[in-house]
Amino acid sequence: MKRFNIWAWLWIMLGMIYFFLPLYATLDYSLRGRKDMLSLAAYENVVNDPQFLATFGFSLQMAILTIVLSTLIVVPTAYWVNLRLRYLRPLVEFVTLMPFVVPTIILVFGLIRIYSRPPLSLTETDEGTNLILIGAYTVLSFPYMYRAVDTGLRAIDVRTLTEAAQSLGAGWPTILFRVIFPNVRVAILSGAFLTFAIVVGEFTLATFLARPAFGPYMALLGQNKAYEPAALAIMSFAMTWLSIGLLQLLGRGAPRQGQLVGTR
Amino acid sequence: MAFLDLTDVRKSFGTTAAVESFNLNVERGEFVSFLGPSGCGKTTTLRMIAGFETPTSGTIKINGNDITYAPANRRPIGMVFQSYALFPNMKVADNIGFGLKIARKPSAEIRQRVHEMLALIHMEPFADRYPFQLSGGQQQRVALARAIAVQPQVLLLDEPLSALDAKIRVQLRQEIRTIQRKLGITTIYVTHDQEEALSLSDRIVVMSHGRIEQIGTPFEIYNFPQTAFVAQFVGTLNALKAEVRDASAGRVAVDGQEIVMARALDGAHVGDVVSLALRPEMITLDGAAQQTNHLTGQIETITFLGSIVRVQIRLEQSALFLDTFNNPHLSLPQTGQTVTVGFPREACLVLSSGSAAPTRDATSST
């Protein structure tokens, strides 16, 4: 019979208190919008604020476009590195880590400097600035997206699957979209959700490029309101958990990779 | 003209030559195996035929068409891989129909063909399973069906049975041969397993260090090896040090016991030491007296191997082993007992140094 380990449970309880107590405090505070009673007033204020939906909608749009662009850049790159350019893996990994090395503030000033003068005066229009924002968000997503996709690709026998598809007459687009993409679906999704979280909460790029994004809205709200920022924090947590839940749900139908070789 | 024609094919990686001077003609419907140890260039040659590697020089033709530089997806080949390489995201039926979809065949034709292939590999009930729901042997059957569904002109198999357990391996190799004969498809089979090559092939190409050592039928390869490498690599062999007594009469001595060979030892002199090869199944314990050559020694070990029993005999310096068929009434001598074994003079094979041809009686019957 298994022995009851009091120390293990003690450490688990301590860990849970460490994690959930601040969250509970924030939740409790967010419900104190009306005097002497618990209410959802702060949440109502946030949801009814037209700025909330406008900024969240804008960031959502940017996040989706960033995910699409990042996927189109990262998946073929990681695939090719795994298939033919393995010796370049350290270099590519280093390049994708650059957003951790170069501060976002430096990145945004560099972008403004380059794209606010001819021949590429993109900052003169909203659409142009949005393009810069998407490009910069894509760069910020590289460390997460590349690592997720690379891990997914390492779990499958990329070379043999590619050669099998080739021997059956498939060209590169078919191999990529019908063989590789479906088999790294969960990896792409996990990279996509991380990218989504980063883009929705990003502050520096959006502020300096003067875009109506969710990050600057949250910061503004934090400066001017008392209970609403706590409500937003809870909503943001809920969105993150929802993303994780979706990832689990979508990943359930994914093909298993565990038995590419071997007998049963 | 041969159906598959490889002429002076060479492949080098940097300064290392993986395949050199590879010339082979394969007839339509023939089953040819590339046999050799790891690193001998057999898989590289197969990959050049498949289009996954480009030859450094030489030409590859299929049915008269030069495909040396054709991309892999434009070659009329089907390939089966050691690791099955089934697409994990597709069901069995979709895997088999993949090549047909790429070829834009009508869906009715694809369904019909997939059904035929499933029937051929006896896996109709598994059409809607994913690869991970199948055993290794079943996965390899599906891989075979997928490769032949597109009706390739040449089927390439790269060690397809290596990842399977022994029993499934034997069963599946028979199935591969049956299907190959039924469809009459020209097949190249890469293996390092001599039993597989000997049992499956019309012809075997034995390779070593990127070069062809010998091309021949399994019977020729086993019984008439043309190089020392082939003699040693194919089958099991006793290699004994023998001192030349009379080169012209083909007389040598192993640990002082004289043996007469079927032919003279060209180029050897009295006192030279040569390596004498004897197949274990050519040596007999019973009826040794009727044989031309005899060796006397002490039984060191007796090993039961199922269908055969292997007996190791110590001479003075040398040791040799013989194989005898097992049967329930077999009476074997005891360990430590002194015995005399016999073998015909035709069984003697002198292995020259390097890969020069071994000396053997040319009149041995086939």
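So, pLDDT is the predictor's confidence in each residue, on a scale from 0 to 100. I'm starting there because what we have today is a predicted model, where local features need a pLDDT of at least 70, side-chain atom pairs count only at pLDDT 80 or more, and totals for chains, interfaces and linings use all residues. Residues are numbered from 1 along each chain as its sequence is written, and chains are lettered from A and ligands numbered from 1 in the order in which they are written.

Okay, how confident is the predictor? Chain B has a mean pLDDT of 88, with 95% of its residues at 70 or more. Within chain B, the element with the highest mean is strand β3 (residues 31-35), at 95, and the one with the lowest is strand β19 (residues 349-351), at 80. Be careful with residues 361-366 of chain B: there the pLDDT is below 50, and beyond near neighbours in sequence the stretch has six contacts in the model. A contact here means two residues whose C-beta atoms, placed from the backbone, lie within 7 Å. For the complex, the predictor gives an ipTM of 0.81 and a pTM of 0.78.

Now, chain A. How many helices and strands does chain A have? There are 13 helices and zero strands. The C-alpha atoms of chain A fill a box of roughly 75 × 70 × 30 Å along the principal axes. Of its 264 residues, 31% count as buried. Buried means that 20 or more other C-beta atoms lie within 10 Å of a residue's own; with 12 or fewer it is exposed, in between it is partly exposed, and the C-beta atoms are placed from the backbone. Take the contacts in chain A between residues at least 6 apart in sequence: 76% of them join residues at least 24 apart.

On to chain B, which has eight helices and 19 strands. Its C-alpha trace spans about 75 × 50 × 35 Å along the principal axes, and 42% of its 366 residues count as buried.

Let's look at some sheets. As a reminder, strands of a sheet pair through backbone hydrogen bonds, either parallel or antiparallel. In what follows, two strands pair if DSSP finds at least two bridges between them.

One open sheet in chain B has four strands in the order β2-β1-β4-β5, with antiparallel pairing. Its edge strands are β2 (16-26) and β5 (65-66), each pairing on one side only. Inside that sheet, β1 (residues 4-13) and β4 (residues 57-62) pair over five bridges, and B:L4 has B:I62 as its bridge partner.

Another open sheet of four strands in chain B runs β17-β16-β15-β18, again antiparallel. Which strands sit at its edges? Those are β17 (319-325) and β18 (338-343). Strand β15 (residues 293-304) is joined to β18(B) by six bridges, and you can find B:H294 opposite B:G342.

Then there's β11 (residues 238-246) of chain B, which runs antiparallel to β14 (residues 273-278), with six bridges between them. Here B:E243 stands opposite B:V273.

Next, the inside. A nonpolar core is a set of buried Ala, Val, Leu, Ile, Met, Phe, Trp, Tyr and Cys residues joined through C-beta atoms within 7 Å. The largest one has 155 residues, and A:V149, B:L156 and B:L276 touch the most other members. Helix α7 (residues 126-154) of chain A brings the largest share, 14 residues. If you click on B:L156, its contacts beyond four places in sequence are B:L46, B:I49, B:A50, B:I77, B:M79 and B:I188.

Last stop: where the chains meet. The contact takes 26 residues from chain A and 27 from chain B. On the chain A side, α8 (158-167) and α9 (172-183) each supply at least two residues, and α8(A) gives the most, with six.

That's the tour. Thanks, everyone!
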